[in-house]
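Have the sequence and the 3D view ready, and read along.

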Amino acid sequence: MTELPNNLIVQAAIVLQKGGLVAFPTETVYGLGADACNEQAVARIYQAKGRPSTNPLICHVRDLAQAKTFGVFSPLAQKIAEKFWPGPLTLVVPRRSDCRIPLMVSAGLEFLALRVPAHDLARRLLAQSNLAIAAPSANPSGYLSPTTAQHVRDALGDKVDLILDGGECVYGLESTILKVEGDWLELLRPGGLTVEEIEAEIGLPVHLSPNVGNDHAPQLAPGRLTSHYAPNIRVRLNATNVDDNEALLAFGPHPVRGGKVTKNLSLTGDLSEAAFNLFSFLHQLDQDGVTAIAVMPIPDHGLGRAINDRLQRAAAARS
Ligand code: TXA
Ligand code: MG
């Protein structure tokens with residue numbers, strides 16, 4: 001991890017306090033942050049990303065105590081937060097009636113997404129600014145998520161007031177989003193924390209959201225749109241061969257032969273290594289002037305579930 005001097009954090013905190021936009025690293029992907037309680041600042045996030053206002057944002061907070069000033073935590077939500085925060089988990093819980101975060105941040109929904117990130121720079125920024133920071137992934141709406149500061153500079157550079165460079169994100173894949181209603185757990189987005197880990201630790205089943213894949217469900221949010229996380233060129237899944245003009249996104253020790261260029265998500269078939277490499281390799285293959293990215297099959301368990309979720313949306317027909 002890159003060491004950043006404290007004066008940069010102080011500067012970034014001031015930018016946020018004045019209603020500006022700061023891109024910052026989390027352990028999952030880079031976020032595009034603004035003061036969650038400042039409607040105008042939050043509006044700038046939507047503008048910079050070209051994001052529909054119907055898509056709610058995640059609010060990043062220092063700790064569970066701060067989260068509880070905004071959301072209602074059932075005993076189960078509290079237990080999950082204590083176990084997995086800080087970390088790659090977002091909890092969607094009911095808003096408190098006295099919640100200071102404007103409704104527009106959660107796109108008018110009565111539920112609010114809250115997350116305590118583990119990345120040192122994110123934590124220092126939260127502490128220094130003393131704010132809740134609303135932050136989607138720092139990419140133009142619908143495009144690949146950024147896992148390096150350079151990805152942010154390339155895609156949004158002129159729209160951000162300050163970018164904190166913390167090197168490459170260790171997970172490289174967004175947080176898992178879990179809705180907790182009483183003792184009912186619903187997976188809204190697979191991500192860096194696996195369902196298997198949650199179920200093993202909590203001893204309750206995680207239900208798959210009935211809305212997954214339905215673009216018109218009222219509580220739908222961007223990461224669940226059928227086409228999302230997409231590179232500019234076409235993505236072809238479950239490839240067992242590759243054409244001369246295609247790029248190959250391989251997985252495992254036996255990549256298929258051919259293609260213009262190959263990146264292997266993990267030679268040893270390790271799913272966390274593959275998750276870490278996913279967006280970064282898609283960024284690289286997206287720039288090589290090829291006709292399509294052919295992707296070899298990835299096992300659909302553990303982190304493979306989140307990887308396949310992103311790949312399916314990247315491959316989906318664009319609207
Ligand atoms: O890892 C991450 O989660 C990153 C880092 C920066 O924290 N953030 C991120 O934000 O991926 P974004 O905006 O790209 O994706 C946010 C997702 C949406 O797709 C949506 O599913 C969910 O958060 N979401 C936010 N608020 C919600 C709400 N009130 N109800 C349901 N889903 C919500
Ligand atoms: Mg995103």
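Axes here are lines fitted to C-alpha atoms, for helices over the stretch in contact, and angles run from 0 to 180 degrees between N-to-C directions. Helices (H or I, at least four residues) and strands (E, at least two) are DSSP runs, numbered from the N terminus. This is a predicted model, where local features need pLDDT of at least 70, side-chain atom pairs count only at pLDDT 80 or more, and totals for chains, interfaces and linings use all residues. Residues are numbered from 1 along each chain as its sequence is written.

| Pair | Angle between axes | Distance between axes |
|---|---|---|
| Helix 1 (residues 6-17) and helix 5 (residues 120-129) | about 55° | 9 Å |
| Helix 8 and helix 9 | roughly 20° | within 9 Å |

That angle makes helix 8 roughly parallel to helix 9 (angles under 35 degrees count as roughly parallel, over 145 as roughly antiparallel, 65 to 115 as roughly perpendicular and the rest as oblique). Their contact (heavy atoms within 4.5 Å) includes L278 and F279 of helix 8 and I307 and L311 of helix 9.

Helix 1, on the other hand, is oblique to helix 5. Among the residues making that contact are I9 and A13 of helix 1 and L121 and L125 of helix 5.

Now zoom in on helix 9.

Terms used. Chains lettered and ligands numbered in written order. Heavy atoms only, no water.
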